Amino acid sequence: MGSRTTISSIFTVSCRSFGVQLSPRCTLASPRTCFPSKRSRKSVLPLCTSRSNERKFSCQSSKPGVAYTTATSSVTGHPEYNRLLPCPPYNSPPRIEHLVVSSECRVLDYICEALDLPPLYVADLIQFGAVHYALVCPHPPPTATPEVMRKYEEVTAPSVLKKRASIKGKTVREAQKTYRITHANQLLEPGMYLRVHVHPKRFPRCYDIDWKSRIIAVTESYVVLDKPAGTSVGGTTDNIEENCVTFTSRALGLIELLMTTHQIDNCTEGCVVLARTKEYCSVFHKKIREKSVKKLYLALAASPLPVGLITHYMRPVNIAPRLVSEDFVESWQLCQLEVLECKQIPWPNAATKEDYCVEDCGWPSRDYAYECKINLLTGRTHQIRAQLAACGAPLVGDSMYMPAAIAELTSPGLNPFGKYKEGYVGEDAKEMAVTEWIAQHGKEPNCIGLQAFQISWDNGKHFFEAGSPWWRSGIA
């Protein structure tokens with residue numbers, strides 16, 4: 001096998017530890033209180049868990065007049081459960097469980113036993129794509145109990161792993177790669193790792209949209225969609241059901257699901273191109289790489305912006321919030337956009353903001369907002385949002401970047417990369433200032449004043465525009 005590290009030497013290499021990434025979005029409430037424990041948990045091997053102390057549950061639809069009961073079943077002792085759908089209309093804390101498998105069995109049975117969840121609930125989690133596995137469990141985190149460590153070492157001992165045909169010839173990295181569980185009857189082996197997103201991130205707006213009315217164009221190769229805000233273009237780590245690809249495919253009656261060719265933020269609306277074939281997906285990706293795809297955006301800013309080029313440099317860290325600097329910073333990514341026009345319009349009224357779940361972020365003046373047409377010259381994640389906030393003109397409803405912009409207005413110099421930045425004595429002082437600056441930012445919003453209103457490629461041969469942005473619906 002050359003220099004490849006095989007499974008038999010798993011304890012001689014540095015295995016990765018677990019990392020739990022949480023996102024405080026609309027999630028299903030915890031079913032634990034609703035499903036009281038009736039089982040022995042002696043064989044349960046939870047490695048680490050993340051959950052809220054609040055454990056409320058409601059099987060209520062997001063649409064009025066549709067509700068589900070939770071009457072107790074006399075057979076199982078669990079309350080009757082009526083699936084993950086309809087989508088709950090409320091927010092709940094996320095919960096992720098990490099398990100090491102201790103015995104051979106079906107994945108559905110193991111999760112039910114380990115987490116004390118009813119089978120129907122677990123089956124739905126699997127359908128949502130919220131359960132992942134690896135052939136070999138990574139090393140448990142420092143928080144693991146002695147019992148967990150003992151069992152982990154027992155089921156991942158080299159002598160045990162050598163007997164497993166499923167990992168024969170694989171390296172440690174290959175065997176620890178995670179995959180999505182696709183079937184409730186999938187068999188598990190001792191030593192396997194499971195990650196269960198007990199509360200998948202939900203996208204309730206998917207059920208309120210007339211998807212056919214959002215379709216701009218349909219061709220043999222692609223579909224152009226006017227994506228609604230509050231939805232994901234494609235599937236997420238824990239939810240492959242509630243997204244634009246799935247709902248648009250169903251609206252068109254397609255047997256094969258459409259494919260994503262590019263992304264825009266969940267909180268952004270506007271034009272996205274969905275491929276109908278793998279071949280066209282590759283073709284469109286090539287067009288993006290060759291910069292032959294042009295996008296124009298409408299941004300609803302809280303303050304006016306000058307027409308012209310705006311340049312920043314973005315910190316190359318793939319974590320929100322994205323930090324930008326007006327001055328050049330070594331290894332930071334160039335961010336450029338061009339403001340083509342900027343006009344004053346009324347600030348969205350309360351009814352419009354409520355309809356679209358636009359958050360009140362505490363901006364001091366709300367008489368007027370400023371609709372800007374923007375040509376995005378470099379396509380960085382959160383680029384428009386971060387750059388406009390750095391200019392003191394954050395997007396309306398942007399609960400992540402607007403609080404930081406307000407903090408900088410209140411305390412000039414708070415932003416260590418801003419116009420009024422202070423000098424720092426040593427790297428430790430600057431790092432502390434960066435940490436404090438990140439803390440001024442808020443959480444990811446549901447809907448912001450940003451629309452990808454126009455997309456074109458092949459020198460305008462293919463040209464499409466989205467409908468009127470949400471903020472104009474409240475303007476007479």
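How many of the 8 residues of helix α9 are buried? I looked this up in the predicted model. The count is 7, so I call α9 buried by the under 20% relative accessible area cut-off for those residues.

**Helix α9**

I located α9 at residues 383–390. I listed its buried residues as Gln383, Ile384, Arg385, Ala386, Gln387, Leu388 and Ala389. I then checked what comes just after the helix. Gly392 takes a positive phi of about 80° there.

**Helix α1**

I turned to α1, residues 107–115. This helix is mostly covered, with 7 of its 9 residues buried. I noted Val107, Leu108, Tyr110, Ile111, Cys112, Ala114 and Leu115 as the buried ones.

What do the buried residues of α1 pack against? I found strands β2 (96–100), β3 (105–106), β4 (131–134), β6 (187–188) and β7 (193–197), along with helix α2 (119–127). Asp116 follows α1, and its phi is positive, near 55°.

**Hairpin β17–β18**

I moved on to β17 (residues 450–457) and β18. The two strands pair in the antiparallel sense over 4 bridges. They form a hairpin, and 4 residues lie between them. In the turn I picked out Asp458, which has a positive phi of about 55°.

Which residues of β18 are on the covered face? I found His462 and Phe464 there. Phe463 and Glu465 make up the uncovered face. In a regular strand, side chains alternate between the two faces of the sheet. Ile455 stands opposite Phe464.

Note on methods: Residues are numbered from 1 along each chain as its sequence is written. This is a predicted model: local features need pLDDT of at least 70, side-chain atom pairs count only at pLDDT 80 or more; totals for chains, interfaces and linings use all residues. Side-chain values use heavy atoms; hydrogens and water are left out. Buried means under 20% relative accessible area, exposed over 50%, partly exposed in between (1.4 Å probe, protein chains only). Two strands pair if DSSP finds at least two bridges between them. Contact means heavy atoms within 4.5 Å.
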